[in-house]
Amino acid sequence: MVLELKKPRPIWEIIFSTHHTDIGLLYIIASMVALFAGGALAMAIRAELFLPGVQIFEGQADFSRFFTVHGTTLLFLWLIPFAAGAGNYLIPIMVRYKDMAWPKLNAVAFWMIPPCMFLIWGGFSDTTWNAYPPYSILKAPGPAADMWIVGLKLLGLSSVLGAINFTVTILKMKHPDLPLMKMSLFSWATLVTSLMIIVAIPTFAASLVMLYTDRLGVTGFFNPEMGGDPIAYQHLFWFTFHPEVYIFVLPGIGMMYEMIPTFSRKPLFSYYSGVVALIVIAVIGFGSWAHHMFAVGMSFTEKTVFMVGTLAAVPSSAMHVFNFLATMWGGRIKFAAPMLFSVGGILLFFSAGAGGVVNTAMPLDFLTHDSYWVVGHMHLFIMGTITMAFVGFIYYLFPLITGRMYDQRLAKIHFVLTFVGIAVIFGVQHILGLYGMPRRVVDYLPIPELIIMNQIASFGGWAIGASFVLFLYNMIKSAMFGKPVDPKDPFELGHGVEYYYDYARREPHH
């Protein structure tokens with residue numbers, strides 16, 4: 001897997017390459033730039049909320065700009081591109097083909113992302129990452145909101161092009177000796193995610209076009225003054241973005257399916273249940289979008305349907321967790337950084353899901369709707385599960401890509417700081433929600449409980465920020481000066497990493 005090169009290549013050779021490993025590295029590096037940029041905005045938001053009153057920002061509009069760009073960056077410029085980068089690097093190797101099906105299309109899909117970064121950061125829109133009308137069509141200042149719409153439109157197109165490429169590569173380019181049911185579960189996760197993107201993104205793309213023409217005054221799809229319906233936008237938006245939650249999380253689950261058997265030194269407990277759970281969760285993901293909209297005035301019957309649809313996603317998520325735990329059970333586990341981040345991700349996945357079940361119950365959802373409970377729940381998934389899995393996978397791939405080992409002591413400190421920080425900040429945000437603190441506000445009432453909880457949350461957030469500075473230092477220093485490793489067994493487990501995902505040569509457990 002390490003690129004066998006006689007000497008380092010000039011940077012333009014990588015930039016203008018269409019080879020899957022080069023494109024994969026470009027995706028990974030661009031997504032990590034977005035991770036740090038979006039994280040810096042989060043640090044500023046937590047500094048503002050450390051005390052009541054307006055300290056850092058000029059007012060609510062300024063604050064809204066920061067959290068809009070923070071959310072947009074981390075969802076669309078960190079999570080999706082990183083998953084695409086890891087897929088690009090590994091999928092052709094795992095399906096035993098020389099490259100992606102369409103290498104040039106692959107490069108085009110990546111090079112659509114930097115202009116989108118420029119549009120989102122250049123505009124700094126204040127629409128929130130949902131861009132709900134009527135505010136987004138009647139009041140949101142341009143050109144920032146228009147730049148946001150065009151940036152998201154292009155990002156959606158980039159995702160669809162990448163997804164088509166992955167789907168064709170996995171289904172049509174895999175080695176004839178490799179049946180679908182012997183592929184690695186990371187390949188399965190990428191395939192299922194790609195199919196979801198192809199189905200989900202067009203709905204959001206259509207709603208963005210309608211949003212843009214409404215802003216121009218040409219149409220009135222979502223403008224009540226012209227007979228439009230703002231709630232229709234929410235249906236279109238969440239029809240894409242509830243499945244999108246699984247589009248974010250399934251690659252992370254696929255990565256855990258690579259790391260956990262490897263570091264447990266044991267074959268996966270149940271291959272088939274992993275495949276079934278990936279497919280089931282993808283299908284159910286499309287049937288529960290309106291649980292984000294319990295407060296918009298739907299009928300009781302409609303809400304009940306979406307409540308049941310949401311609860312139906314729980315067993316398939318539980319199947320993954322059970323599979324991970326059963327694989328670890330009785331294994332000779334080595335707690336290297338990738339395994340630590342995987343186990344931490346499982347723990348936080350469980351707590352994030354428990355909070356989501358509360359949101360599913362209509363009476364409880366009314367109490368917590370638009371409060372900090374929702375912020376805590378969402379971030380436990382985004383940071384606690386998905387980012388933990390992704391960062392673990394960076395540690396997993398690092399020696400395989402660079403041929404060098406990072407400082408493992410620093411990696412463990414990174415894990416402890418991140419895990420504790422996530423548990424503190426997002427756990428406290430759940431309690432803040434129960435105390436009635438609304439989300440997306442720059443100021444709050446000077447009540448002692450709210451002040452102390454916001455201060456605890458800010459310290460948790462800063463702990464995460466400090467841990468990622470450590471992570472960056474470790475990655476840069478180790479890429480240049482790290483100890484060279486044996487590429488066949490970089491983690492000194494007694495066998496090659498590929499031993500655990502080469503399903504074609506080894507019968508998995510049933």
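Q: Why is Phe-324 called buried?
A: In this predicted model, the relative accessible area of Phe-324 is 2%, and since buried means under 20%, Phe-324 counts as buried.

Q: What parts of the chain does the pair of Tyr-257 and Phe-324 tie together?
A: Tyr-257 belongs to helix 9 (residues 230–264) and Phe-324 to helix 12 (residues 313–328), so the pair ties together parts that are 67 residues apart in sequence. Tyr-257 has a relative accessibility of 1% and therefore counts as buried.

Q: Which residues form one aromatic cluster?
A: Among the members of this cluster are Phe-76, Trp-129, Tyr-132, Phe-204, Tyr-233 and Trp-238.

Q: What makes helix 4 roughly parallel to helix 5?
A: Helix 4 (residues 103–111) and helix 5 (residues 113–123) pack at an angle of about 10°, with their axes 5 Å apart. Because angles under 35 degrees count as roughly parallel, helix 4 is described as roughly parallel to helix 5. On the side of helix 4 the contact is made by Ala-109, Phe-110 and Trp-111, while helix 5 contributes Ile-113, Pro-114 and Pro-115. By class, this contact has six nonpolar residues, with no polar and no charged ones.

Q: Which residues have the most contacts inside the largest nonpolar core?
A: The largest nonpolar core has 159 residues, and those with the most contacts inside it are Trp-78, Trp-188, Leu-250, Phe-393, Tyr-395 and Tyr-406. Helix 15 (residues 372–402) supplies the largest share of this core, namely 19 residues. Leaving out residues up to four places away in sequence, Leu-250 touches Ala-189, Val-192, Thr-193, Met-196, Leu-278 and Ile-281.

Q: Why is Arg-96 called partly exposed, and where does Arg-96 lie?
A: The relative accessibility of Arg-96 is 30%, and because buried means under 20% and exposed over 50%, Arg-96 counts as partly exposed. Arg-96 lies in the loop between helix 3 (60–94) and helix 4, and its phi is near 60°, a positive value in a residue other than glycine.

Q: Why is Ala-131 called buried?
A: Ala-131 has a relative accessibility of 1%, and because buried means under 20%, Ala-131 counts as buried. Ala-131 is placed in the loop between helix 5 and helix 6, and has a positive phi of about 55° although it is not a glycine. Most residues other than glycine have a negative phi.

Q: Which peptide bond has omega near 5°, and which has omega near 0°?
A: The bond from Pro-133 to Pro-134 is cis with omega near 5°, and Pro-134 is found in the loop between helix 5 and helix 6 (135–138). The bond from Gly-142 to Pro-143 is cis with omega near 0°, and Pro-143 is found in the loop between helix 6 and helix 7 (144–172).

Q: What makes Val-358 partly exposed?
A: The relative accessible area of Val-358 is 25%, and because partly exposed lies between under 20% for buried and over 50% for exposed, Val-358 counts as partly exposed. Val-358 is found in helix 13 (residues 337–360).

Methods
Residues are numbered from 1 along each chain as its sequence is written. This is a predicted model: local features need pLDDT of at least 70, side-chain atom pairs count only at pLDDT 80 or more; totals for chains, interfaces and linings use all residues. Side-chain values use heavy atoms; hydrogens and water are left out. Helices (H or I, at least four residues) and strands (E, at least two) are DSSP runs, numbered from the N terminus. Buried means under 20% relative accessible area, exposed over 50%, partly exposed in between (1.4 Å probe, protein chains only). Rings of Phe, Tyr and Trp (its six-membered ring) pair if their centres lie within 6.5 Å; planes under 30 degrees apart count as stacked, over 60 as edge-to-face and the rest as tilted. A nonpolar core is a set of buried Ala, Val, Leu, Ile, Met, Phe, Trp, Tyr and Cys residues joined through side-chain atoms within 4.5 Å. Contact means heavy atoms within 4.5 Å. Axes are lines fitted to C-alpha atoms, for helices over the stretch in contact, and angles run from 0 to 180 degrees between N-to-C directions. Angles under 35 degrees count as roughly parallel, over 145 as roughly antiparallel, 65 to 115 as roughly perpendicular and the rest as oblique. Ala, Val, Leu, Ile, Met, Phe, Trp, Tyr, Cys and Pro count as nonpolar, Asp, Glu, Lys and Arg as charged, and the others, Gly among them, as polar.
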